[in-house]
Amino acid sequence: MAPKRKATVGEPLQTRVTRSQTRNGNSKPVSVDPVSPKPKRVKKGTVSEAKSKVKAPVDSGSKKIVVVEHCTQCSQFKIRAVKVKEELEKGVPGLEVRVNPEKPRRGCFEIRVDGVKGEKFVCLLDMKRPFGPMKALNMDKVISEIIEKIK
């Protein structure tokens with residue numbers, strides 16, 4: 001079958017005649033809208049653009065930023081990271097907590113202060129399944145220790 005031609009802007013709308021309309025001589029032809037072109041896809045930003053968007057201007061020490069980096073391999077990482085974020089924001093007013101601002105490392109669960117001399121509170125790297133070191137952590141105790149150090 002040959003491809004259909006696109007209607008140009010200046011042409012009037014074409015009418016479509018069906019078999020039932022040809023049998024009934026008194027029916028009106030149905031007008032068809034011209035085919036609208038599909039919207040083009042928008043390309044996603046490159047990695048360098050994404051990293052530049054993530055970095056926000058840092059105030060002159062008025063606001064502390066805590067980064068929680070967790071692996072996306074298992075949902076247990078995410079559950080613990082969200083719990084840490086919520087508890088730290090409740091415990092320390094004015095604290096900004098970011099979860100995975102950059103692409104996370106595999107098998108990683110880390111809580112640190114953002115900056116050049118960022119203090120690391122929890123650093124578990126290269127964990128293999130079943131993620132024993134992370135599951136052995138008492139998250140309530142870890143969160144309370146972090147809140148004490150930050151205040």
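**Charged pairs in the model**

Author: R105 is partly exposed, at 38% relative accessibility; here buried means under 20% relative accessible area, exposed over 50%, and partly exposed in between, with a 1.4 Å probe and protein chains only. The model is predicted: local features need pLDDT of at least 70, side-chain atom pairs count only at pLDDT 80 or more, and totals for chains, interfaces and linings use all residues. Residues are numbered from 1 along each chain as its sequence is written, and side-chain values use heavy atoms, with hydrogens and water left out.

The side chain of R105 meets that of E110 in a salt bridge, at 3.0 Å from N to O; the term denotes a side-chain nitrogen of Lys or Arg within 4 Å of a carboxyl oxygen of Asp or Glu. E110 is buried, with 1% relative accessibility. Through salt bridges that share partners, R105 and E110 belong to one network with E69, R112 and K120.

The structure contains eight salt bridges, and R98 takes part in one with E96, where the closest N and O atoms are 2.9 Å apart. E96 is partly exposed at 25% relative accessibility, while R98 is buried at 17%. R98 also forms a salt bridge with D114, the closest N and O atoms being 3.9 Å apart. Because R98 lies in strand β4 (residues 96–99) and D114 in the loop between β5 (109–113) and β6 (120–124), this pair ties together parts that are 16 residues apart in sequence. Strands are DSSP runs (E, at least two residues), numbered from the N terminus. D114 itself counts as partly exposed, at 38% relative accessibility.

Technical notes. Helices (H or I, at least four residues) and strands (E, at least two) are DSSP runs, numbered from the N terminus.
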